Amino acid sequence: MDRLSKGGIVVARILIAVVFVLNGLGIVDQTIPAKELMERGAPVSLVPAMMLAARALERAAGFGLALGVLPRLMALALFAFLVPATFISHSFWLAAGTPAFQGQLINFSKNLAILGGLLFIAGSVGQSCVLPRSKVTSETAGDTDNRQIVGVRK
C-alpha cells in the first residue's frame, strides 16, 4: 500500500470514528434513541443497560478505530452495532406521510454510507497504526517462508 493510500485510510478511520466517539462520550444526546427502543418493544428495565453497553462499545471501538488498534475488528464491531441501531432508530418506512419521514430517510441513508465505510475499513489489509507496534501487519501475519523450513537459503 503506498503512502497516499495508507494516509487516506487513517483519515477515513478517524473521520468515521468521530461519530461513534461523540455518541459514546455522551456528547450527542441519547434520550430519543432510548425512547425509540422502548417504543419498539425493548424491556423498559433493560434500556439503561443497553444504552450503557452501546456507549461503551462506541467509545472503545471508536477510539480503537481512530488509533488503529485492531482496526478491522473495531470496524466490524461498529458495523454489528450500527445495523440494528439504524433499523430501530431510523425506520423511515414507519414515518411515511409524516413530517419526520424526510429526516429519517436522510439519517437512514447516512448510516448506510457509514456502514459502507466500515466495510471498506474492515476489508483493507496492511493498515497504518497511529500507535507504535511491531512490523507484523495483517497482510503478513501467519505467513511462513517455506524456503527457511526446507533449509534453502534466500
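This is a predicted model: local features need pLDDT of at least 70, side-chain atom pairs count only at pLDDT 80 or more; totals for chains, interfaces and linings use all residues.
## Where helix α5 packs

The buried residues of α5 pack against α1, α2, α3 and α4. Here, buried means under 20% relative accessible area, exposed means over 50%, and partly exposed lies in between, using a 1.4 Å probe on protein chains only. The buried residues in question are Gln104, Phe108, Asn111, Ile114, Leu115, Gly117, Leu118, Ile121 and Ala122.

Residues are numbered from 1 along each chain as its sequence is written, and side-chain values use heavy atoms, with hydrogens and water left out.

## The chain as a whole

The protein chain has six helices and zero strands, and its elements run α-α-α-α-α-α from the N terminus on. Helices (H or I, at least four residues) and strands (E, at least two) are DSSP runs, numbered from the N terminus.

Of the 154 residues in the protein chain, 31% are buried. Contacts, meaning heavy atoms within 4.5 Å, also tell us something about the fold. Among those between residues at least 6 apart in sequence, 64% join residues at least 24 apart.

How far does α5 reach from its first C-alpha to its last? With 24 residues, α5 reaches 35 Å, close to the 34 Å expected at 1.5 Å a residue. The expected span is 1.5 Å times one less than the number of residues.

Helix α4 covers residues 71–89, and its 19 residues should span 27 Å; its end C-alpha atoms are 26 Å apart, which agrees. The buried residues of α4 are Pro71, Met74, Ala75, Leu78, Phe81, Leu82, Thr86 and Ser89. What covers them includes α1 (3–24), α2 (31–39), α3 (47–67) and α5 (100–123).

## How α4 meets α5

The axes of α4 and α5 come within 9 Å and cross at roughly 160°. That makes the two helices roughly antiparallel. Axes are lines fitted to C-alpha atoms, for helices over the stretch in contact, and angles run from 0 to 180 degrees between N-to-C directions. Angles under 35 degrees count as roughly parallel, over 145 as roughly antiparallel, 65 to 115 as roughly perpendicular and the rest as oblique.

The residues of the contact of α4 with α5 divide into 15 nonpolar, five polar and one charged. For these classes, Ala, Val, Leu, Ile, Met, Phe, Trp, Tyr, Cys and Pro count as nonpolar, Asp, Glu, Lys and Arg as charged, and the others, Gly among them, as polar. Asn111 is buried, with a relative accessible area of 4%. Leaving aside neighbours within four places in sequence, Asn111 is in contact with Leu82, Thr86 and His90.

## How α1 meets α5

Now turn to the other end of the numbering. Helices α1 and α5 pack at an angle of about 135°, with their axes 11 Å apart. They are therefore oblique to each other.

Which residues of α1 meet α5? They are Ile9, Ala12, Arg13, Ile16 and Phe20, and their partners in α5 are Ile114, Gly117, Leu118, Phe120 and Ile121.

Start with Leu70, in the loop between α3 and α4. Leu70 is exposed, with a relative accessible area of 54%. Its phi is near 45°, a positive value in a residue other than glycine. In general, most residues other than glycine have a negative phi.

Next, Gln127 lies in the loop between α5 and α6 (146–149). Is Gln127 buried or exposed? At 5% relative accessibility, Gln127 counts as buried. The C-alpha atoms of Gln127 and Pro71 are separated by 7.8 Å, although these residues are 56 apart along the chain.

Finally, Phe63 is found in helix α3 and counts as partly exposed, at 41% relative accessibility. Phe63 and Phe20 are 43 residues apart along the chain, and their C-alpha atoms are separated by 8.6 Å. Leaving aside neighbours within four places in sequence, Phe63 is in contact with Val21 and Glu58.
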